[in-house]
Structures are given as C-alpha cells and as structure tokens.
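Student: Please show me the assembly, and let us then discuss it by question and answer.
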Amino acid sequence: MRESTIMKIHYGTALAAVALVAVHILMRLTMGFAESLEYENVLANYKFVPYAIMLELILVLLAVHGFNGLRVILLELKQGRIYEKAVSYGCLAAMIGLIAYGSRTIIMTNMGLV
Amino acid sequence: MTHDEHKEGIGGMANPTRYGIERVAYWLMRLSGLGLLAYFVAHIYETSNILRGQVGWNEFLELTQTTEGHIFLALVIAMCVFHTVNGVRVMLGHGGVGVGKPARPDYPYDPASQNYRHKIGIYSAILLAAIATMYGLAVMFGE
Amino acid sequence: MAQVSSIAEEQASTLKTITLRIARYNPEHDDSSKFMEFNVSYEKWTTVLEAILDVKKHHDHSVAVRYSCRQATCGSCGMMINGKPKLACFTKISELNSNVITVEPMNNFPIIRDLAVKFERLFDTHQKIKPYLIRDDTELESDAKEFLQSPKELEQYIQFANCIKCGLCNSACPTMATDSSFVGPQALAQAYRYVADSRDKGKDSRLKIIDESHGIWRCHFAGSCSQVCPKGVDPAMGIQFLRGYLLGFRS
C-alpha cells in the first residue's frame, strides 16, 4: 500500500474516532460517572445493539490509528529492511489481535454469553 | 550519539527546548499518542472483565476507581484533548491550510509557516486539555 | 602619529573577549570529540567564522572548518553554535549574548574532521527529487522562444529557489535526528520549488518519489527547519503545500 493511502486512512480514522469517542464519553456523563460504570448499566450499554456497533467501530478506528502511529514512530527510530518489515507486520498483528480481543468482549456481552 | 552518522538521536528528537512552541507541540503529540495507545490497550483489557460476571467486574472496578486511578484518568483526558485539538491543527497544516503564502523573503526571514494561527492552535490545545482535565477531576472526585 | 595612536587605544578599549569552545574530533584516530577553549577578542561586527579563523591564524591552525564566501551565499559554514544550527559567517558574536560560544559540527551529518561535515547524503537526496525542469519540449529548439512566466507565477516558487544547500534545516529536523533514510526538509522543499514552477511538468513523477515510507509523510510539521533557515526558504511551508497535492487539498 502506498504511504499516502496509509496516511489518508490515519487521518480518516482519527476524525471518525473523535466523533464517536465524544459520544462514548458523553454516555458516561448522562448519569453519574460512578453510576455509569455499575455492572448493570455497562451490561445494558453492551446489549443495546447501536451502542455495541459504535463500540466496535471505535475499537477498529482507534486500533488502526494507534498502531499505525506506533509504526510511524518505530520506523523513524531505527532503519533497516528486516527491522522495518518486522515493525510493519508486528504493528499489523498487534492491531488485529487487539481488535479480535475487544470484539470478543463486545460480541459475547451483546449476545448475553456472560 | 554515534560518530559515523553523527545523528542527534532520540535525545535530540525529544528535546523540546530549542525550537519554540511548535517543537514542544511535536513532542507532546508523540508522548500523548503513545500514552493514549497504552491506555487504549489497557482499557480493552479492563473492559473484558465484564465477561467474568458481576463479581469479576466489581473486583476490577475496585482496582481502578481509586484516587490514583482517577488521577491517571485525568491525565488520559489531558492527553486525549491535546492530541485531538493539536491533531486537527496538524492535519490542516499538512494540507497546506494556514501555513501562509509563498513570497519573496525579506530579512530577518521570519518563517510564514510558523505563524500566529498555528501558535494559537497549540496554546488552545494546551488550554483546552487543562480545562478538560479539571472538569474530569471535578466529575470523578465530586461524587 | 599621535592621532593614530589614540585611534588604536580607542579600538583596544572597545575590544571584548569571549571564550570560544571548538569541538575537535578526527574519526581516524579519536574515539570521541573533545572541546578546546580559546580566548578570542571581538568587535560588535565580528562573526563566529571570523573568530574561528582568528583561532586558526593565531592559536591552532589545525582546526578544520569549511567556508568560502563569508556572506551567507555559498552555504559552506553551517555548524552548531551554542546548540543551534547556524551559518558561522552570518552569526555575529555580539548577537549571541554569551561570554562562552560553543561551536560543534552540524548534527545529522557525518563528521569529516572537527567542524567540517560530509554533504553526500544531502546532495543525493537533493538529486533524488529531480531538481530541474521536466518537460517534453525544450526552449533550445530553433524558432522557439523562452518559456514565459508571469511575476505571479514566479512568486509561487522564488522563495524556495533561495536555498543555498547549507544543511541547517536537515540538522534541526527532529526526524533527521533518528531516521537516516528520511529524504529531509531540504530535498522536500526543493521538490516543491520545481512542482510549483509553472514551466515544470514533472509533478507526478516527483510526488511518486516522495510518497514512500521515508518520504514526505515522515515530516510532522515541527517547523524547526524553517526556524533555522538563514535564507527565508521556509521549508516547512513548501513541504505542507507539497503534501497538500498528495492529500487532494491542491491540484
């Protein structure tokens, strides 16, 4: 993939994440902060399908943006063909791993498998 | 510093003291980005405790809902707001927005790209981060 | 005669002295650089380069320094002066407001000896972005006239054509501090200089060259390059405009 395409994705995920994370944080403030973190309320959030979809989107957007940011920083710190390949594939693997782990929580909770 | 390439190294890259507020913003952007990524990974792990049922969730909540936990979360709010506001500024700059117009340079050659618009953007990011942090602390400790 | 003597006395009374610390390093037999200190007298108009040449003339002729024009035109005498990259011929001692002046070789350039550094990489990256007009036709054909350009079209790139390839921007850049593959602000600003030239048709090929993992995207708009440029080139501005093409902000 061309670097310009990667960076367009980087900017796009950032802008989309800002909007969705704002909604996510506002949801914590609709009731008291501590109350919003109570088990029943969190479970209700996960079981509400539109909210679960939003959480999944935030997970994907931030994982892509965050691990690409990490890739950029690591590529600038050290150079070399093997190192650069390891960084790129390592960050991609970490991104997929985190999305898979987070999706497991969202899907299982949403489906009532808790 | 290695003498073969004589690169300034991480110390030089991370030193925010020599080249004005723009270099400070660059440094804060990196730090906040890394901090937010670390928090994001920890948050995904933290929320996965819901799969352990009510007891597991409450056990984990007890660990995080402490004074130290609240202060850490306030720091996350600061990083998040700074990274967002400064990120929008940088993105606009990357597109060539607000970086001035090319012109014949005159002594003392003040760079047009380092203009007040971007400086205001950086100071706004710091100020908004501070305000959001104080609000966050008020919400978390006010209960 | 008495008048000459009084002028000399007056001059002596206006002379002040500073301590000039010069980094000494020879990669052939030194493990690390060390500093040598010299007391140098200076006038209001004395430049750092003149102080270094004074040391060479009166104290230690073995100090290695590259210089030529002494008027910020050749771009030879770039060095770290009190921690910041500057042209030695363009920096007056009196403007530094310090009794101790430390001169070191420019960061992010391999050292030849003492204050002289290698410019091969800068010239390579400069050459990489095709620093010349690209087009299919030529003004050298018979019956053809020169390529016309309006003053407004000239304004689009003339600032970037001021680059003297002194390397100060590459020395100040935070990415260059760690990334030895980064194309650098000097070359990127020059890429914009030609892309913005109305006579040039090589935009696409240049954008392709810089759109790689150690190309334009490794610039994070810290602006340090523009702050140290002694000719007002403002590389950060050129780089952002260039990136604007890749992001679709400009066409």
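Student: Which helix of chain B has the highest confidence, and which the lowest?
Tutor: Confidence here is pLDDT, the predictor's own score for each residue, from 0 to 100; helices (H or I, at least four residues) and strands (E, at least two) are DSSP runs numbered from the N terminus. Within chain B, helix 3 (residues 53-64) of chain B has the lowest mean, 91, and the highest, 97, belongs to helix 2 (residues 20-47) of chain B.

Student: What should I know about numbering and thresholds in this model?
Tutor: Residues are numbered from 1 along each chain as its sequence is written, and chains are lettered from A and ligands numbered from 1 in the order in which they are written. This is a predicted model, in which local features need pLDDT of at least 70 and side-chain atom pairs count only at pLDDT 80 or more, whereas totals for chains, interfaces and linings use all residues.

Student: What mean pLDDT does chain B have?
Tutor: In chain B, 97% of the residues reach 70 or more. The mean pLDDT of chain B is 93.

Student: What radius of gyration does chain B have?
Tutor: Chain B consists of five helices and zero strands, and its C-alpha atoms fill a box of roughly 70 × 40 × 25 Å along the principal axes. The globule rule, 2.2 Å times the number of residues to the power 0.38, uses a radius taken over C-alpha atoms. For 143 residues a compact globule would be near 15 Å, but the radius of gyration of chain B is 20 Å.

Student: What percentage of chain B counts as buried?
Tutor: A residue is buried if 20 or more other C-beta atoms, placed from the backbone, lie within 10 Å of its own. Of the 143 residues of chain B, the buried share is 33%.

Student: How many charged residues are on the side of chain A that touches chain B?
Tutor: Two residues are in contact if their C-beta atoms, placed from the backbone, lie within 7 Å. This contact takes 23 residues from chain A and 23 residues from chain B. Nonpolar means Ala, Val, Leu, Ile, Met, Phe, Trp, Tyr, Cys and Pro, charged means Asp, Glu, Lys and Arg, and the others, Gly among them, are polar. The side of chain A has 17 nonpolar and six polar residues, and the number of charged ones is none.

Student: Which element gives the largest share of the side of chain C that touches chain B?
Tutor: Here 41 residues come from chain C and 32 residues from chain B. Helix 8 (224-228) and helix 9 (235-247) of chain C each give two or more residues to the side of chain C. The largest share, seven residues, is that of helix 9 of chain C.

Student: Which residue is the bridge partner of C:Met80 in strand 5 of chain C?
Tutor: Strand 3 (residues 78-81) and strand 5 (residues 100-104) of chain C pair in the antiparallel sense over two bridges. C:Gly78 and C:Met80 point one way from strand 3 of chain C, C:Met79 and C:Ile81 the other way, and all are buried. In strand 5 of chain C, the partner of C:Met80 is C:Glu104.

Student: Which residue takes a positive phi in the hairpin of strand 3 and strand 4 of chain C?
Tutor: Strand 3 and strand 4 of chain C pair in the antiparallel sense over four bridges, and C:Ile81 has C:Lys84 as its bridge partner in strand 4 of chain C. The hairpin has two residues between the strands, and the positive phi, near 50°, is that of C:Asn82.

Definitions and conventions:
Pairing = 2+ DSSP bridges. Buried ≥ 20, exposed ≤ 12 C-beta atoms within 10 Å, placed from the backbone.
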